[in-house]
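Please open the model in your viewer and keep the selection tool at hand.

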Amino acid sequence: MSTDAARYKFTSDNTAPICPEAWAALQEANNNEAPSYGDDRWTARVCERVREIFETDCEVFFVFNGTAANALALAQVCQSFHSVICHERSHIQSDECGAPEFFTNGSKLLLVGGANGKIDLVEAEAIMAKQGELHSHKPRAISITQATELGTVYSRDEIAAIGEFARHWNLLVHMDGARFANAIATLDCAPKEITWQVDVGFLCFGGTKNGVGAGELIVFFKKELAHEFDYRVKQAGQLASKMRFLAAPWMALLTDDVWLRNARQANAAARKLADRLRNEVKIDIAFPVESNAVFIRVPENLVRDLRARGWHFYKFIEPDVYRLMCAWSVTDNDIAEFVADLRGLATSV
Ligand SMILES: *Cc1c(COP(=O)(O)O)cnc(C)c1O
């Protein structure tokens, strides 16, 4: 079989281009000189707009990427002897090269299982019961990912239960929202309903996977947590000197609900892809498709043949679960091409 040109449509939301609105905003911001280090009008407007969207007074900071957002946010609330409860499949555990542990100077991650990428509170409870004294460490935060690493979405009630658990154990609730937009698009609720109203203390709000080139926000709903956070960001090398080039594209996302439109588009593409794979090729879909990821269970020979056709995608769980990610830029045509290739290969074996 010949090797076709590489096709990155379903590899990651990061293989997608910058969305047109963000690109136009970048160009507009490039027209003139402007104040540096966040003293520009775009940065001020993004912070204001975030307060409007969340309908609360909150503190907003920019960093370059999601790993820095999570690690610095957790470092802000944790001493080195603290610990953070998180799901065993969470990005902070498996995809950040130990950055949360590094930036906290040693806070331990306490791993909890749970179906579909969501924390099982019974397991979390059992872990808390074991931490009761000086010789272990002191749990300080519980971190949830919304939407989860397995493409599912916590309901408002599920987050409220996490919030209640956190209140009971005196923990702060951190939300890794690298795909927060996708979760809001699915739940069709006000952002406040799944954040500060249900005890989420601070949120890493992702823009990169939603359509900007770089830049994530850290939003502290509990404003007192943000004390001197600007110094932490600067020390970590995460304060953008030409901040307007992060902020202007973000402003474009937050104008006219482009962030939600991009997320709805991505989610709809994933639903369509999953439906077609299930119905037309009888592919087993491993997890509920509630955001923009589709996890498929396929034999290795089929994967090899798809890769020979140029399709790039990652194995996620051994032995046979692979992730197909739909960004805002995935079209019906892309889906049709992939389904046709898979159908052709599946019937030829
Ligand atoms: C992509 C992602 C991040 C951020 O990753 P970076 O590559 O550091 O930007 C954080 N959390 C989750 C769940 C992600 O999927």
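Helices (H or I, at least four residues) and strands (E, at least two) are DSSP runs, numbered from the N terminus. This is a predicted model, in which local features need pLDDT of at least 70 and side-chain atom pairs count only at pLDDT 80 or more, while totals for chains, interfaces and linings use all residues. Residues are numbered from 1 along each chain as its sequence is written, and side-chain values use heavy atoms, with hydrogens and water left out.

Then step back to helix α8 itself (residues 180–187), which is largely enclosed by the rest of the structure because six of its eight residues are buried (under 20% relative accessible area, 1.4 Å probe, protein chains only). Phe180 and Ile184 are among these buried residues, which as a group pack against α2 (41–54), β5 (172–177), β6 (200–205) and α11 (258–281), with contact meaning heavy atoms within 4.5 Å.

A polar side-chain atom of Thr67 lies 2.5 Å from one of the ligand's oxygen atoms, and a polar side-chain atom of Asp176 lies 2.6 Å from a ligand nitrogen atom. Of the 380 Å² of accessible area that the ligand has on its own, the protein covers 82% (Shrake-Rupley method, 1.4 Å probe).

Finally, which cysteine sulfur is nearest to that of Cys58? With a disulfide taken as a pair of cysteine sulfur atoms within 2.5 Å, the count is zero; Cys58 is in none, and the nearest cysteine sulfur, that of Cys47, is 8.6 Å away. Cys204 is buried at 4% relative accessibility.

Note on methods
Buried means under 20% relative accessible area, exposed over 50%, partly exposed in between (1.4 Å probe, protein chains only). A polar contact is a pair of N or O atoms within 3.5 Å; within protein, one must be able to donate a hydrogen and the other to accept it, and residues adjacent in sequence count only if both atoms are side-chain atoms.
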